[in-house]
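Subject: Handover of a structure and notes on its helices

Dear colleague,

Please find below the structure that I am handing over to you. I would be grateful if you would look through it alongside the notes that come after it.

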Amino acid sequence: MSSTPTTRPTAPQTRGALELTAAMALSGTLGVFVVESGQPSFNVVFFRCVFGALALAAYCAIRGLFHDHHFTRRTFGLAVLGGVCIVFNWVLLFSAYGKTSISVATVVYHTQPFYVVILGLLLFKERLDRHQAAWIGIAFVGVLLVADLTAAEGPRGDAYLLGVGQALLAALLYAFATVIAKHLKSVRPELTALTQASVGIPLLLPFTALGRTAGLGADWGWLVGLGVIHTCLMYILLYASYQKLPTAKIAVLSFVYPAVAILVDFVVYGHHITPLQALGVPLIAVAGLGVNLGWHLLPAPRRRARVDDAPPAALTPTANILEDPR
């Protein structure tokens, strides 16, 4: 039996893996910057958009990306629509941190891939095969375990349930933005990110309590960090890695994000997930990989053999013939 030679990753793939790992690790520290800023979620997102747009505009100007932007009226409108989804996705996620915890909100939020599949089914009549449906079912069980609805029985029960719901809705909005982004392949991703961050400035200004920033002092650093580190730098690393990596590696490395978030939440705030919640994390992770990589979970359907076309018994090695689902 000959063994298949293993292919070593190329230099661009290795660099892409490092870039994506760094981007996901930065994503995992996002909650600390949000909580430590001490600002309401609308304020946090508003200033993330302000500082993120300034940093991305400087980067795009230095790289000369404004000259050949490839925006059309249609693609610019789609980028703006995606920006609306992204901005309110941030608002909901950041609000969920305070009502549940960084760990719970992040893991629940990481159900985005399943929403993308469901949106494809509803909006574009894409086919949902039984394997995808099974993975989504497993992920749903994982979400129920991670959400730990028994926590809703405490004094903050209503707020906790609201936080879980906000994380799920944030994931849905991110899925909408992902579907929209599929139609923006002709536009440089840095310009798309700049457009999305810029959209948030006028959109959130009416909801921003600017008076709450009086006397913020050194805590401005958390808000600046959200814009420069978690918006400009993180998205540059993210988009650069996507160009170098196959889907399989992207799917696997994306789970660095919730893993780092759980670790940071424990180290900084002492929050830890219960054993029951810990069972849900691998369910969501494996289901996410299954959907992204097209793993087959269920056995192939059995095909009934007809009497008139059945081969002689001596030539039939088994009684059951499995059909290739492809």
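This is a predicted model: local features need pLDDT of at least 70, side-chain atom pairs count only at pLDDT 80 or more; totals for chains, interfaces and linings use all residues.

Residues are numbered from 1 along each chain as its sequence is written, and side-chain values use heavy atoms, with hydrogens and water left out.

The whole chain

The protein chain holds 13 helices and zero strands; helices (H or I, at least four residues) and strands (E, at least two) are DSSP runs, numbered from the N terminus. Of its 326 residues, 44% count as buried, where buried means under 20% relative accessible area, exposed over 50% and partly exposed in between (1.4 Å probe, protein chains only). Contact is taken to mean heavy atoms within 4.5 Å. Among contacts between residues at least 6 apart in sequence, 88% join residues at least 24 apart.

Helix H1 covers residues 11–28, and its 18 residues should span 26 Å at 1.5 Å a residue; the end C-alpha atoms are 26 Å apart, which agrees. The expected span of a helix is 1.5 Å times one less than its number of residues. The buried residues of H1 are Gly16, Glu19, Leu20, Ala23, Met24, Ser27 and Gly28. These buried residues pack against helix H2 (30–37), helix H10 (220–242), helix H11 (247–253) and helix H12 (256–269).

Helix H3 has 22 residues and reaches 31 Å from its first C-alpha to its last, close to the 32 Å expected at 1.5 Å a residue. After H3 comes Gly64, whose phi is positive, near 70 degrees. In the loop between H3 and H4, His70 has a positive phi of about 60 degrees although it is not a glycine. Most residues other than glycine have a negative phi.

How the helices pack

The axes of H3 (residues 41–62) and H4 (residues 73–99) come within 9 Å and cross at roughly 135 degrees. Axes are lines fitted to C-alpha atoms, for helices over the stretch in contact, and angles run from 0 to 180 degrees between N-to-C directions. H3 and H4 are therefore oblique to each other; angles under 35 degrees count as roughly parallel, over 145 as roughly antiparallel, 65 to 115 as roughly perpendicular and the rest as oblique. H3 passes H4 in a right-handed crossing. A crossing is left-handed if the near helix is turned anticlockwise from the far one by less than a right angle, and right-handed if clockwise. Among the residues of H3 that meet H4 are Phe42, Val45 and Arg48, and their partners in H4 include Phe88, Trp90 and Phe94.

H6 and H7 (residues 130–147) pack at an angle of about 140 degrees, with axes 10 Å apart. This pair is therefore oblique as well, and the crossing of H6 and H7 is left-handed. Here Phe114, Val117 and Ile118 in H6 meet Gln132, Trp135, Ile136 and Ala139 in H7.

H7 also packs with H13 (residues 275–293), at an angle of about 155 degrees and with axes 7 Å apart. H7 and H13 are therefore roughly antiparallel to each other, and H7 passes H13 in a left-handed crossing. The residues of H7 that meet H13 include Trp135, Gly142 and Val146, while those of H13 include Leu276, Gly280 and Ile284.

Two threonines

Thr106 lies in helix H5 (residues 102–109) and counts as buried at 2% relative accessibility. Leaving aside neighbours within four places in sequence, Thr106 is in contact with Tyr97, Tyr257, Pro258 and Ala261.

Thr111 is found in the loop between H5 and H6 (112–124), and is buried with a relative accessible area of 5%. Not counting residues up to four places away in sequence, Thr111 touches Val143, Leu168, Ala171 and Ile284. Thr111 and Ala167 are 56 residues apart in sequence and 9.4 Å apart in space, C-alpha to C-alpha.

The cysteines

A search of the whole structure finds zero disulfides, a disulfide being a pair of cysteine sulfur atoms within 2.5 Å. The sulfur of Cys60 is 7.9 Å from the closest cysteine sulfur, in Cys232, too far for a bond. Cys60 is buried, with a relative accessible area of 0%, and Cys85 is buried at 10%.

With kind regards
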